[in-house]
Amino acid sequence: LGRYPNFTALFITDTDGHIEASSSGTENIGVDLSQRPYILALKQGQESVWTGGLTGLQTGEVIAAYGRV
């Protein structure tokens with residue numbers, strides 16, 4: 001992430017939307033993102049999705065997310 005200062009976090013979820021790996025270490029492992037719009041879109045069959053601005057669950061700051069299967 002150091003080479004990309006606009007990215008603050010990267011994570012991988014399982015197919016249910018729970019974080020399995022995170023660039024911020026192990027503290028977020030298991031966090032449930034299943035109701036986030038990008039996870040819901042993937043579950044509904046989209047192969048990839050970019051979100052508009054969302055409120056981050058942990059920071060409350062505006063974020064954007066990209067997801068793909």
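Colleague: What pattern does the chain follow when read along the sequence?

Modeller: In this predicted model, the secondary structure comes to one helix and six strands. Read along the sequence, these elements give the pattern β-β-α-β-β-β-β.

Colleague: How does the radius of gyration of the chain stand against the globule rule for 69 residues?

Modeller: The C-alpha trace spans about 30 × 25 × 20 Å along its principal axes, and 25% of the 69 residues count as buried. The globule rule gives 11 Å for 69 residues, and the chain comes close to this, so it is as compact as a globular protein of that length, with a radius of gyration of 12 Å.

Colleague: Which element supplies the largest share of the lining of the largest pocket?

Modeller: The largest pocket, with a volume of about 1200 Å³, has at least two lining residues from each of β1 (11-13), β2 (19-22), α1 (37-43), β5 (62-63) and β6 (66-68). The largest share, four residues, comes from α1.

Colleague: How do the residues of that lining divide into nonpolar, polar and charged?

Modeller: The largest pocket is lined by 38 residues, of which A9, L10, F11, Y38 and A65 lie nearest its centre. By class, the residues of this lining divide into 19 nonpolar, 12 polar and seven charged.

Definitions and conventions
Residues are numbered from 1 along each chain as its sequence is written. This is a predicted model: local features need pLDDT of at least 70, side-chain atom pairs count only at pLDDT 80 or more; totals for chains, interfaces and linings use all residues. Side-chain values use heavy atoms; hydrogens and water are left out. On a 1 Å grid over the protein atoms alone, a cavity is a set of points where a 1.4 Å probe fits but cannot get out, and a pocket is an open set with protein on both sides within 12 Å along at least five of seven lines; lining residues have an atom within 4 Å of a point. Grid points are joined across faces, edges and corners, and a volume is the space filled by probe spheres set on the points. Ala, Val, Leu, Ile, Met, Phe, Trp, Tyr, Cys and Pro count as nonpolar, Asp, Glu, Lys and Arg as charged, and the others, Gly among them, as polar. The radius of gyration is taken over C-alpha atoms; the globule rule is 2.2 Å times the number of residues to the power 0.38. Buried means under 20% relative accessible area, exposed over 50%, partly exposed in between (1.4 Å probe, protein chains only).
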